[in-house]
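Subject: Structure handover

Hello,

Here is the structure I promised to pass on. My notes on it follow below.

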Amino acid sequence: MAAATRLISRLTLVTGGGSGIGRAVCQRLASEGASVVVADISEESANETLGSLQSNLRGQVHTAAVVDVSSKESIKKLVTSVQTRYFQPPSVCVNAAGITQDDFLLNMEEEQFDKVIQINLKGSFLITQAVAQALVACGAPKGSIITVGSIVGKVGNIGQANYAASKAGVEGLTRTAAKELSRFGIRCNCVLPGFITTPMTDKVPEKVISKIESLVPLGRMGEPAEVADVCAFLASDDSQYITGASIEVTGKTGGISEAQTCLN
Ligand code: NAD
């Protein structure tokens, strides 16, 4: 099927859809014909993304919703409201909500560690579980759950023990979910971005960016749309024999172990 139409009739839910990678994913899925629920903790950001979405096809309806992915209650409310609004659960879910709270391991507070794990790892678990439960309950023939991990989960990064642990965790979560859910026709995969130009990386000093770019064979940071390309592929039937995979989107083979970000 042509890329521009391969997600027709798909209902998609994107957490962290109000900014950066999540916003680019919403835009890409909408441009391929999907209906998109833009979910974010920031109502204003979610609405901004909503306003930017294409709606070319009859029946293509986008909405914005507020969610805190670290809260089971909030996720339950979101999934229920999506089902009420669209009369079905989302068959595609992209977990893009995430945060960083960097500090050296020797100084990191317990609260900093917990907060990042709560949102990045527990949030991915809660949304994956809620969407999978809804799909299984309604006997949906197939689903695709995509979690945005990070290359940092594979290679580590100075100042990001909490973030690296959370992103390594989502890979384990995804591989297990893939094994458990394949019998219900639900595929689960991760995308592992390298350094992508988003508000999350805005605070990285210019000299660090230059260093990173000099180490990436493709010679530059990535764009959110380039991560969205891979998410759209994983959402579509073009990836129907792929589950439990982690796809690196780093501009480099073998990851970016040289990356030393905000604290250098
Ligand atoms: P971003 O800060 O631009 O966007 C993150 C979004 O998540 C924001 O809209 C924020 O409001 C939302 N969010 C934060 N906490 C939330 C919560 N509790 N519930 C719901 N939404 C919440 O960052 P980004 O760079 O677009 O990051 C998106 C994902 O990509 C994150 O998981 C991040 O870890 C991952 N990632 C980013 C990069 C990068 O270089 N930018 C690299 C690897 C992985």
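Predicted model: local features only at pLDDT ≥ 70, side-chain atom pairs only at ≥ 80, totals over all residues.

Residues are numbered from 1 along each chain as its sequence is written.

The sheet: strand β2 (residues 35–40) and β3 run parallel, joined by four bridges. Seven strands make up an open sheet, ordered β3-β2-β1-β4-β5-β6-β7, with parallel pairing. Strands (E, at least two residues) and helices (H or I, at least four) are DSSP runs, numbered from the N terminus. Two strands pair if DSSP finds at least two bridges between them. β3 (63–66) and β7 (246–249) are the edges; each has a single partner strand, so one side of each lacks a neighbour in the sheet.

The ligand: 29 residues surround the ligand, and the closest are Gly16, Ser19, Gly20, Gly98 and Thr198. Here, near means a C-beta atom, placed from the backbone, within 6 Å. Helix α1 (residues 20–31) gives the most to this shell, with three residues. The shell has 14 nonpolar, 13 polar and two charged residues. Ala, Val, Leu, Ile, Met, Phe, Trp, Tyr, Cys and Pro count as nonpolar, Asp, Glu, Lys and Arg as charged, and the others, Gly among them, as polar.

The record: UniProt places "domain: Ketoreductase" (unreviewed entry) at residues 10–196. That stretch is 48% helix and 18% strand.

Best wishes

Conventions. UniProt positions renumbered as here; feature names shortened; annotations may be inferred.
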